[in-house]
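Have the picture open as you read.

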Amino acid sequence: MDRETSPPPAVRLVPVTAANREAVVALELAPGQVDWLAGNAESLDEADHDPDARPRVVMAQARIVGFLMYEAPADDDEARIYRFMIDSAVQGRGYGRAALRAVLEEIAALRHVRRVSICYMPDNEGARRLYGAAGFLEEGLDEDGEMVAGMSLPAGGNGL
């Protein structure tokens with residue numbers, strides 16, 4: 001089976017803790033991706049001061065393979081994924097696809113969210129393909145020049 005038809009690897013999302021924080025900070029993007037995303041240390045510092053931030057470690061068995069962060073305020077029906085990265089050492093193995101599915105399932109389980117948005121740099125073709133394959137539709141550039149893509153969740157909050 002090739003990568004397009006094989007099932008994604010099993011991943012799970014876990015909260016960032018004192019025990020795994022250093023490993024999250026140590027994750028690296030490929031050199032050509034560094035300008036596309038804030039560093040994980042910066043993201044974790046932001047999460048420390050933002051009660052709506054939900055930082056998650058992407059785990060494949062016992063290995064940390066990525067990091068993502070989203071917000072889903074209880075008084076808003078939209079969740080925003082604003083950090084999403086897979087370590088350069090394991091990119092291209094399906095972890096991004098599996099992690100995106102896992103975070104969408106976690107968000108859907110919140111029940112109050114009806115829409116999910118994500119932003120990425122317009123020249124990030126890998127992100128464009130990944131998010132498009134998951135059902136995100138591009139909506140245009142935001143004030144920072146990032147592409148905004150969104151998707152509606154099924155009624156009832158589950159069913160992904």
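## From surface to core

The accessible surface of the chain comes to about 8,500 Å², and 51% of that surface belongs to carbon and sulfur atoms. Keep in mind that this is a predicted model. Of the chain's 160 residues, 42% count as buried.

Now for the layout. The chain holds 4 helices and 7 strands, and along the sequence they follow the pattern β-α-α-β-β-β-α-β-α-β-β. Among contacts between residues at least 6 apart in sequence, 61% join residues at least 24 apart.

| Core | Residues in the core | Members include |
|---|---|---|
| Largest nonpolar core | 33 residues | I81, L100, V103 and I107 |
| Second, separate core | 14 residues | V16, L29, A53 and I64 |

In the largest nonpolar core, the residues that touch the most other members are I81, L100, V103, I107, V116, Y131 and F136. Elements that give two or more residues to this core include strand 4 (78-86), helix 3 (95-108) and strand 5 (115-120). Which element gives the most to this core? Helix 3 does, with 9 residues.

At 1.5 Å a residue, its 14 residues should span 20 Å, and the C-alpha atoms at its ends are 20 Å apart, so the two values agree.

Finally, find V103. Leaving aside neighbours within four places in sequence, V103 is in contact with L13, L68, Y70 and I81.

Methods
Residues numbered from 1 in each chain as written. Predicted model: local features only at pLDDT ≥ 70, side-chain atom pairs only at ≥ 80, totals over all residues. Heavy atoms only, no water. Core = buried A, V, L, I, M, F, W, Y, C linked by side-chain atoms within 4.5 Å. Buried < 20%, exposed > 50% of the residue type's maximum accessible area, 1.4 Å probe, protein only. Contact = heavy atoms within 4.5 Å. Expected span 1.5 Å × (residues − 1). Areas by Shrake-Rupley, 256 points an atom, 1.4 Å probe, with all protein chains shown as cover.
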